[in-house]
Amino acid sequence: MRVIFHGTRGSIAVPGQNTLRYGGNTACVEMHSAAGTLIVLDSGTGAFGLGRSLMDPSARPGMTRRGHLLITHTHWDHIQGVPFFAPLFAPDWEWDLYAPRGLVGSLKETLSGQMQSSYFPIAIDQLGATIRYHELVEGAFDIEDVHVRTQYLNHTALTLGYRLEVDGSALVYACDHEPFSRQLAEGEGPIVGSDLRHASFLADADLVVHDAQYTPDEYFKRVGWGHSTPQYAAHLCLAAGARRLALTHHDPNRGDAEVDAIVEKLRSEVASRPDGGDIEIFGAAEGQALELVGEAPGRPRHADTFSAVASVGPALVGHSVVLGLSDDAECAELAEAIRADGVKVTAVADTDAVLRTCRAGPASLVVLDEHLGDMGAVQTCRTLRREGILDGDVPIIVTTSRHETAETRTAGVTEWLERPFSTIYARARIRSWLLRQACRWLRAPLSLEEDVRIAALRSLDLLDTPPEERFDQITRRAAALFDVPIALVSLIDEDRQWIKSSYGLSEIRSTSREVSFCAHVVAQRAPMIVPDTLLDDRFAENPMVTGGPRIRFYAGFPLILPEGACVGSLCLIDNRPRQLDKAGARLLRDLGEKVGEELCARAATSPPRKRAKRSRDATG
Ligand SMILES: [Zn+2]
Ligand SMILES: [Zn+2]
């Protein structure tokens, strides 16, 4: 995977003596796969230079005239290069343009807005290339050989981050984004909630290109403007095990020497951290090219997990939001902004009215002021949950002026919205909470050579055999080592998950394949860690999450036979959200490899299919 920076500046282009090295052009990054797939991330003014180089056949011999432009959001610094991007005017080029479903007007309408005749001489319909427009929500899809995942970022407009996986490498582009929890801006503190979800999006990336516009001092003066600090970016990258961090979206007030100083300061801060050894940190510079070689050659090209391309119609229309804010003016302004998206809003002034409204009809989202009414939001939330007025999966958001996590779980608060916030900021958050509910449970895809896999599994002759101590001692140890209530060795059969060894879940011997978490591990042939299922759209409404055994945390290691078939997983399950650090991941791998050895030992020594005799292995 080849990555080239063409624009690294945030907000506005700043050419000049002070920005020669890091560059003055706004956001634009080019990515090529080894097979020649061209993806362009954002199209700020940096796209002008990229367009010129793409049009020069001598510079790029043999290149196909086809490209994909992924736009994070339609703020000017991310689209201003579109009207100046030469390949869009060339009749022999084909382009696919992707951006978040904008809710107000389509992508094409938004882009054509900046090309109206008052601003630009050529209308969007006069572009010469073949152009297709795609609108995205959260999810995943494939662009030729590249697997793309999208996830909402925290910005003043609905903004998507992109994760590109190809050639055994992963690149994450997360720009523009602000910490969900402000206390993380200085690069310290527990990563929970939506920040934890963001960290999962960065997990094990070979390169993270991350918004780092503000220093912590600047950030605290510009909270809610939708940008990160270098310290936050590094804190999350370290937790996520990312290998390289490119700081980008440099503030337009910053000269080269100041960016240097920021990078140096961050490097020394990270070097003094106990977890800071492995990561390479630099400031993204215009013209800089990186070759990411598949440092994880076993990294799978994921089969499609779920589609991010919005095809289900406007997801917001028909949703209903209950808004309980103490300040009438704030409430009215926010209600008006949300109603513009076709969402039904009920504004209420006290906690009794919240309970009444939620009892009267299904709400999709509840936003409550911390100090609303006599009861306060937390107590109201507790009542809503305890009395079953609202299902656990309906988000309840509580506004607060301090950061609080301890009470969250017990009271059933989904997330805190920290004050102060602007109406557009709150609206962007509300949109992403609502949109996320559109698609909250996904079945694992089948693996590529499914019949070979099934044949290999069945040749082990383990399905439907009694429990065996050699496996049970591993799940027992895993549960103790990781302090989880449940550990399983699970095998993924044609249409079921069959559990060979179970600690803590003896009442279930098998489940359907479609609800199986381990089936996802088998499909991706790689370890899968889900820190909080309720925050993960692949699992939030999975019946194993909403009902027994109420999986909240899941970590699975793939069981891959020497000949290559992935037959199942060794997994850890907890009923509370948590993380698995690097040492934990290594330990899980060790145990998983031990299970793999046991699977093979059996295959090597057992005569074919004499299931009945095997009951002597049973330990009950
Ligand atoms: Zn920007
Ligand atoms: Zn922006």
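View 1. His75 counts as partly exposed, at 29% relative accessibility. Buried means under 20% relative accessible area, exposed over 50% and partly exposed in between (1.4 Å probe, protein chains only). This is a predicted model: local features need pLDDT of at least 70, side-chain atom pairs count only at pLDDT 80 or more, and totals for chains, interfaces and linings use all residues. Residues are numbered from 1 along each chain as its sequence is written, chains are lettered from A and ligands numbered from 1 in the order in which they are written, and side-chain values use heavy atoms, with hydrogens and water left out. The zinc ion (ligand 2) has His73 (NE2), His75 (ND1), His155 (NE2) and Asp176 (OD) as protein donors, 2.1 to 2.5 Å from it. Donors are N, O and S atoms within 2.8 Å of the metal (3.2 Å for Na, K and Ca); water is not among the atoms, so sites may look incomplete. The 4 donor atoms subtend angles of 90 to 173 degrees, which makes the arrangement irregular. Four donors count as tetrahedral if all angles lie between 85 and 135 degrees; four count as square planar and six as octahedral if opposite donors are over 155 degrees apart and all others between 65 and 115; anything else is irregular. The donor spacing in sequence is H-x1-H-x79-H-x20-D. His75 lies in the loop between strand E4 (66-70) and H2, and Asp176 in the loop between strand E10 (169-174) and helix H4 (193-201), so the pair ties together parts that are 101 residues apart in sequence. Helices (H or I, at least four residues) and strands (E, at least two) are DSSP runs, numbered from the N terminus.

View 2. Asp77 (OD), His78 (NE2), Asp176 (OD) and His249 (NE2) coordinate the zinc ion (ligand 1) at 2.1 Å. The angles at this ion run from 88 to 163 degrees, which makes the arrangement of its 4 donor atoms irregular. Asp176 coordinates both zinc ions, ligand 1 and ligand 2, which are 3.5 Å apart. Asp176 is buried, with a relative accessible area of 1%. Asp77 and His249 are buried too.

**View 3. The Glu94–Arg66 salt bridge.** Glu94 and Arg66 meet through their side chains, at 3.0 Å from N to O. A salt bridge is a side-chain nitrogen of Lys or Arg within 4 Å of a carboxyl oxygen of Asp or Glu. Glu94 sits in strand E5 (residues 94-100) and Arg66 in strand E4, 28 residues apart. Glu94 is partly exposed at 32%, and Arg66 is partly exposed at 26%.

**View 4. The Asp206–Arg243 salt bridge.** The closest N and O atoms of Asp206 and Arg243 are 3.5 Å apart. Asp206 lies in the loop between H4 and strand E11 (207-211) and Arg243 in the loop between helix H6 (230-240) and E12, so the pair ties together parts that are 37 residues apart in sequence. Asp206 is buried, at 0% relative accessible area. Arg243 is partly exposed, at 25%.

View 5. The 14 residues of helix H14 (residues 469-482) should span 20 Å at 1.5 Å a residue, and the end C-alpha atoms are 20 Å apart, which agrees. The expected span is 1.5 Å times one less than the number of residues. Buried residues of H14 include Phe471, Ile474 and Phe482. Asp483 follows H14, with a positive phi near 55 degrees.
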